[in-house]
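Visitor: I would like to learn how to read a model of this kind, going from the whole chain down to single residues. Could you take me through it step by step?

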Amino acid sequence: MTIPRVEHRHVEVGDVRVFYREAGPRDAPTLLLLHGFPSASHQFRRLIDALGSRYHLVAPDYPGFGHTEAPETFPYSFEALTDVVEGFVRALGLSRFALYTFDFGGPVGLRLAARHPEWITGLVVQNANAYQEGLSELALGAVASRTGVPGAAEAVQGLFTLPMTRGQYEGGAGDPARVAPDGWTLDQHFLDIPGRKAAQTALALDYHSNVELYPAWQQWLRDHRPPTLVLWGSNDAFFLPAGAHAYRRDLPDAEVHLFETGHFALEECLPEIAPLIAGFLDRLPVPAHTPAARPLKIAVLGAAGNLGSAVAAEAARRGHQVTPLGRADADATDAGALATVLAGHDAAVAALKGPDHLVPRAARALLDALPEAGVDRLLFIGGGGSLEYAPGRRFVDSPQFPPQYLETARDQAAALDLLRGADTTVAWTYVSPPPVHLVPGDRTGSYRAEARDTPLTAADGTSRITVGDYASAVLDAIEQRTFVQQRITAAY
């Protein structure tokens, strides 16, 4: 008989003291368990007992839930919950893991995945909705409640009562005798802690933000195609079975299983669900593009420049073989010359600027040269001017754009258009810094990278990153082969 040893710890993430449960060998496949409302990590206790001897399982409590301690001033929203979970992942040093998303764990997990696709090896989706057709009338009524709607705050208060909490567990169950009362009893205990109902009210009024992001998450699924196992209690009063089947629209290879139970499917159907999760984790491919896989041979065009030298230094720090290339080594606009000097490399980085439209001409030459050289990976260091401050409105086109940078910014924007319009086998990624605040500084390892055309901003609206962290984001994309044929930006 093998029973896992489960550890219960706290870790500081900013001013939040995050409680979490952890079991299993750290060199085994990792599954990050993201709980739902109104529960916490305790909802996974039996699953951890079932799988924690073979797999590395980690289950945190969000702020406002379970044993996690947050200050009274914590700004409860789904973005803020994701910020804490992101910080938690970094604090534990997790770098590659599958996500178990349940209920609130869906919007938190998909936000996290959009920020860091390089972290995600697969998805286990259990009654975590991401499609309009998965919303029941009850759910649609809840989504309509938002800040500023008269009576909305009062309307959601009924969600935090004992009958509602118990009903979420027993409602739809095939045999309520199989649903232990411990879960809903403990959930209600946490809901009744002073300040918790206010926190949950804020989250309930923010839930509409998740539905508004459904199209973006669906696009993320189409773009990244993570291996996915969908598990669904078909009698869920909030999330309909149509929401489970809808994942196949964007993930045709997703494995979908429905169970005759309610929202908390693990409570009644753990004996059926646990083997499915184990089999799924066993089938996940071992990542081929990770820092530990092997040293890479990386050519850096423009290695003498500010960003080129930072990327070259970060690559060398990680143990890769770097070939610095300057004007004396090859004309960046000559495809034949580039093919000669790039042959034998695993990836090329272009960090270029110059007169006579050098940047877009080099982009065209690289697209021609790389297939001939046998190199399929290109990281193109672009500018922030082509990012948008409003839909369809680029910074480079605004009257306030600094005139001394205008020519370079337009060239960089032209290179992005060229890459996006190319019919090519080259796995390119175009990397834009924040439009203003790419600042001197070392690598901290704390940043976000996303495929998007608008700047990433912090809670105060600023968008900034150090050169060291920007270079680190470039190397992450090379090593983990993420954001293929996409423009990304990185910031805090």
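Visitor: What share of the residues of the chain counts as buried?

Guide: A residue counts as buried when its relative accessible area is under 20%. In this predicted model, 56% of the 492 residues of the chain fall in that class. The chain exposes about 20,100 Å², of which carbon and sulfur atoms supply 53%.

Visitor: How does the radius of gyration of the chain stand against that of a compact globule?

Guide: For 492 residues a compact globule would have a radius of gyration near 23 Å, and the chain has 24 Å, which agrees. Along its principal axes, the C-alpha trace spans about 75 × 55 × 40 Å. The secondary structure comes to 17 helices and 19 strands, and of the contacts with a separation of 6 or more, 78% are between residues 24 or more positions apart.

Visitor: Which residues have the most contacts inside the largest nonpolar core?

Guide: They are Leu32, Phe88, Val89, Phe97, Leu99 and Tyr247, in a core that has 66 residues. Helix H2, residues 78-92, gives the most to this core, with eight residues. If we set aside residues up to four places away in sequence, Val89 touches Leu32, Leu94, Phe97, Leu112 and Trp119. Apart from this core lies another, of 34 residues, which includes Phe44, Val124, Cys269 and Ile273.

Visitor: How many residues of helix H3 are buried?

Guide: Eleven of the eleven residues of H3, residues 105-115, are buried, so this helix is largely enclosed by the rest of the structure. Among these buried residues are Arg111 and Arg115, as well as Gly105, Pro107 and Leu110.

Visitor: Where do positive phi values occur in residues other than glycine?

Guide: Asp356 has a phi near 60°, and His357 has a phi near 55°. Asp356 is placed in the loop between S11 and H15, and His357 lies in the loop between S11 and H15 as well. Asp356 is exposed, with a relative accessible area of 57%, whereas His357, at 48% relative accessibility, counts as partly exposed.

Visitor: What is the geometry of the peptide bond from Phe37 to Pro38?

Guide: That bond is cis, with omega near -5°. Pro38 belongs to the loop between strand S3 (30-34) and helix H1.

Visitor: Phe37 leads me to its surroundings. Is His263 buried or exposed, and which residues is it in contact with?

Guide: His263 is buried, with a relative accessible area of 3%, although its place is in the loop between strand S8 (255-259) and helix H12 (265-283). Leaving out its neighbours within four places in sequence, His263 is in contact with Phe37, Phe102, Asp103, Gln126, Asn127, Gln168, Gly171, Asp236 and Phe239.

Visitor: And in helix H1, is Leu51 buried or exposed?

Guide: Leu51, found in helix H1 (residues 45-51), is buried, with a relative accessible area of 5%. Beyond its neighbours within four places in sequence, Leu51 is in contact with Leu57, Ala274, Ile277 and Ala278. Its C-alpha atom is 20 Å from that of Gly233, a residue 182 positions away in sequence.

Notes:
Residues are numbered from 1 along each chain as its sequence is written. This is a predicted model: local features need pLDDT of at least 70, side-chain atom pairs count only at pLDDT 80 or more; totals for chains, interfaces and linings use all residues. Side-chain values use heavy atoms; hydrogens and water are left out. Helices (H or I, at least four residues) and strands (E, at least two) are DSSP runs, numbered from the N terminus. The radius of gyration is taken over C-alpha atoms; the globule rule is 2.2 Å times the number of residues to the power 0.38. Buried means under 20% relative accessible area, exposed over 50%, partly exposed in between (1.4 Å probe, protein chains only). Contact means heavy atoms within 4.5 Å. Accessible areas come from the Shrake-Rupley method with a 1.4 Å probe; for residues, only the protein chains shown count as cover. A nonpolar core is a set of buried Ala, Val, Leu, Ile, Met, Phe, Trp, Tyr and Cys residues joined through side-chain atoms within 4.5 Å.
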